[in-house]
Amino acid sequence: MAIRVQIYLFQTMNPDPTVPRSKLNLQIVLVTIPDANGISPSIVTENNIKLLFEIQKKVVGIRTNFSGSMISLTDICMKPISQDCATQSVLQYFKMDLRNYDNYGGVQHVEYCFQTYALYICKHMYSAFKAPLDPSTALGVFSGNNYSEASAFKVTYPVNNAIDKEGNETRRAVAWEKAFIQIVKN
């Protein structure tokens, strides 16, 4: 099965109009290529999830120099609840750790989480950053609640920055974002 990778940078506005801040999010989208009949197969397979883990490993390994210190994703990502990045990814069903893939039950675990995410009945369904993950934030191209038929993985990295400010926080984030874009394009 062929997969196409796309990179997006998008801006979201702070919902509080009195705060002149916006967020820049980085997103990688992996999409299955349609077959000869124009049908895109499901992306929710063992091979594709493991490919996503490989990509995540590269992203976590990105380091770039900013004013003499090395910056990584953990230095610039949003951490709303815990010390873990609030990355929106199917990999959160495994706490972003490949070692949990087999321990939790692989693809069957993901499909179970898709069906029951709103019930919070399984401790393994919480993300590494201690929050539940709505499958619609990490998947694309599916009908209704048929998440298992999705033909796209969306991985979003919310980044701590203030686009309209030129402080160190923004410059650190921009330096890392540039390194991210170069690595993901390769």
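Predicted model: local features only at pLDDT ≥ 70, side-chain atom pairs only at ≥ 80, totals over all residues.
Which residues does Ser72 touch, not counting residues up to four places away in sequence? They are Ile62, Arg63 and Trp176.

Ser72 sits in the loop between strand S4 (69–71) and helix H2 (73–76). Its relative accessible area is 7%. Buried means under 20%, so Ser72 counts as buried. The side chain of Ser72 also makes a polar contact with the side chain of Thr74, at 3.0 Å.

Next, helix H4, which spans residues 106–116. Its buried residues are Gly106, Val107, His109, Val110, Cys113, Phe114 and Thr116. An α-helix has 3.6 residues a turn, so residues three or four places apart point the same way. What covers the buried residues of H4? The cover includes helix H1 (46–60), helix H3 (99–104) and strand S5 (139–140).

Strand S5 leads on to strand S6. The two run antiparallel and are joined by two bridges. Gly140 stands opposite Ala152 in S6. Strand S6 covers residues 152–158, and six of its seven residues are buried. S6 is therefore largely enclosed by the rest of the structure. In a regular strand the side chains alternate between the two faces of the sheet.

Last, the aromatic rings. How many aromatic pairs does a search of the whole structure find? The search finds eight. One aromatic cluster is formed by Phe53, Phe94, Tyr101 and Tyr104.

Note on methods. Residues numbered from 1 in each chain as written. Heavy atoms only, no water. Buried < 20%, exposed > 50% of the residue type's maximum accessible area, 1.4 Å probe, protein only. Helix = DSSP H or I, 4+ residues; strand = E, 2+ residues; numbered from the N terminus. Contact = heavy atoms within 4.5 Å. Phe/Tyr/Trp six-rings, centres within 6.5 Å; stacked < 30°, edge-to-face > 60°. Polar contact = N/O pair within 3.5 Å; in protein donor to acceptor, adjacent residues only side chain to side chain. Pairing = 2+ DSSP bridges.
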